[in-house]
Amino acid sequence: MNHLHRTRSVAAAAMAALWLAGCANMQGIDTQAQLRDAPSLGLAAPSESLTPAPDWWAALGDAQLNRLVADALAGNPNLRVAAARVGKARAAQAIAEAAYAPQVTGAIDLNRQSFSSNYIYPAPLGGSTQTLGNLQINGGWELDFFGKHEGGLNAAIGQLHAAEAEADAARILLAANVVRGYIKWALANDQYVVSERALNQRQEMLKLVQDRVRAGLDNQLEVRQNETTRADSRTQMAALQQQQDAARNALAALLGQPRLPDDIRPPTLAQFKTLAVPQQMDANWLARRADIVAARWRVEAARGEVQVAKSQFYPNINLAAFVGFQSLGLGNLLKGDSFQWGVGPAIRLPIFEAGRLRANLGAKTADVDAAIETYNATVIDAMRDAADQSQALQSVDRQRTEQAQALRAAEGAYDIAQRRYKGGLGTYLNVLVSETAVLAQRRTQVDLQARALDAQVGLTQAMGGGWQPSPELTPPVPPVASAAR
């Protein structure tokens, strides 16, 4: 009967705890933000549109560039920082998983204590000095009736997958920066070649003008003007040399090295092949952007924290037990009659928290709203980036078409000037002036060629950079949902 009475008492206490917990009020605390869906973004239905390859830069056809990208992906310090964040998030997930299991600890306590003669302990204990010994194993198991552990694990998984996607996004950004830096180096090299020819041409013009001055056909004004243009050419070459050095230094930094390897040769734009790029964004595109997937997992992590906050409104139920030895006097510690044990439930529940639980839930709910809006902003910014890169590429293609005609016209005028000079109908100065126009067009041609390559790289990066997410990185709901859960 006593056992039955104790069981009923425990059940009654549990029921009372649940009833009191039911008084906790979570009403009115809900998320307000909504995840943008594909129709609201104007995205087409999923299609088999062109997607970049994981090693898309190899299509440029430069083995030296492939080597630089591989070295950067292996040695860049920022990628190691991202990998460390993934490791930390993975450890946090392991901690959250461990909360599901019983916890067992061991304890040994030895205490030398003098007992007061004027306290509750009578003689011979009172007034004596004794050694107290305690040797026991403690166990506890927090039962997850209300989703506290589940929410913590969901939050940890969300943070881990977000960190993994962000690490992949860092790899994509690094590869794109290496390619862009390499193209920038090639542009500086090609522009330097054009500037060298321009300087030689300025020197030829200056010599011709000086000859005409000596012959009385020109004056010193022409000489000074040509000396000025020659100095401008030298200034431009010095600036291009600085750009070449800066491009090499930037590439070395991306590789995590103080300088580039000695066997890396300066590239030229002519050695690059055209990079095929995607032309259309569809619903699948959102799952191919690592930064968007990372932001989506941040939403799931925030929702897990809300689940933990809600569980705190309910009782916390633990099973606790201990077994071991306890004695007065160290010599008695391991004797059989020093053995002790205990087992039982422990229930903790909130009764009066002065609004702390509601405030905590409100804060976690606000975190969900912030994560959702961050996701939406990431999507919108990614779409703007892709649109900008696509429009830039189209604009550069149109400019290259027009510039090609201008170059052909300048080269035609140069050919005519040469023929007239050879036929005695014109001066060599006219030839040099015509060549100046050709060099200006070739400088523009080099610049547009580099801009076209850079736009191709930018659009490839904006369309996901060849990222292929693993199944584990697919969020538990579609990347874009019509509403927050």
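Predicted model: local features only at pLDDT ≥ 70, side-chain atom pairs only at ≥ 80, totals over all residues.
Student: What percentage of the residues count as buried?

Tutor: Of the 485 residues in the protein chain, 37% count as buried. The cut-off is under 20% relative accessible area.

Student: How many helices and strands are there, and in what pattern?

Tutor: The protein chain has 8 helices and 4 strands. Along the sequence they follow α-α-α-β-β-α-α-α-β-β-α-α.

Student: Of the contacts between residues at least 6 apart in sequence, what percentage join residues at least 24 apart?

Tutor: In the protein chain, the share is 85%.

Student: Which strand gives the largest share of the nonpolar patch?

Tutor: Strand 4, residues 339-348, with 3 residues. Phe339 is found in strand 4. Phe339 has 44% relative accessibility, so it counts as partly exposed.

Student: Now the charges. How many salt bridges does the structure hold?

Tutor: A pair counts when a side-chain nitrogen of Lys or Arg is within 4 Å of a carboxyl oxygen of Asp or Glu. The structure holds 13 salt bridges. One of them joins the side chains of Glu166 and Arg298, at 2.9 Å from N to O. This pair links distant parts of the chain. Glu166 is in helix 4 (residues 148-214), Arg298 is in helix 6, and they are 132 residues apart.

Student: Which residue forms a salt bridge with Asp454?

Tutor: Arg180 does, with the closest N and O atoms 3.1 Å apart. This pair also links distant parts of the chain. Asp454 lies in helix 8 (residues 428-462) and Arg180 in helix 4, 274 residues apart. Asp454 counts as partly exposed at 29% relative accessibility. Arg180 is partly exposed too, with a relative accessible area of 22%.

Student: Where do Arg248 and Asp245 lie?

Tutor: Both lie in helix 5, residues 220-254. They are 3 residues apart, about one turn of the helix. Arg248 forms a salt bridge with Asp245, the closest N and O atoms being 2.1 Å apart. Arg248 counts as partly exposed at 29% relative accessibility. Asp245 is partly exposed, with a relative accessible area of 37%.

Student: Which residues are linked in a network of salt bridges?

Tutor: Trace the charged side chains from partner to partner. Arg67, Asp71 and Asp263 are linked in such a network.

Student: What is the nearest side chain of opposite charge to Asp62?

Tutor: It is Arg67, 9.7 Å away. Asp62 is buried yet has no salt bridge. The cut-off for a salt bridge is 4 Å. Asp62 lies in the loop between helix 1 (2-21) and helix 2 (63-75).

Student: Which side chain makes a polar contact with the side chain of Asp62?

Tutor: Gln271, at 2.2 Å. Check the backbone as well. The backbone nitrogen of Gln64 lies 2.9 Å from a polar atom of the Asp62 side chain. Leaving aside neighbours within four places in sequence, Asp62 is in contact with Tyr182, Gln271 and Phe272.

Student: Is Arg303 buried or exposed?

Tutor: Arg303 counts as buried because its relative accessibility is 11%. Arg303 is placed in helix 6, residues 290-311. Now compare sequence with space. Arg303 and Gly158 are 145 residues apart in sequence, but 9.1 Å apart from C-alpha to C-alpha.

Student: Last, the backbone. Which peptide bond is cis?

Tutor: Check omega. The bond from Ala123 to Pro124 is cis, with omega near 5°. Pro124 is in the loop between strand 1 (103-114) and strand 2 (129-143).

Technical notes
Residues numbered from 1 in each chain as written. Heavy atoms only, no water. Helix = DSSP H or I, 4+ residues; strand = E, 2+ residues; numbered from the N terminus. Buried < 20%, exposed > 50% of the residue type's maximum accessible area, 1.4 Å probe, protein only. Lys, Arg positive; Asp, Glu negative; His and termini not counted. Polar contact = N/O pair within 3.5 Å; in protein donor to acceptor, adjacent residues only side chain to side chain. Contact = heavy atoms within 4.5 Å.
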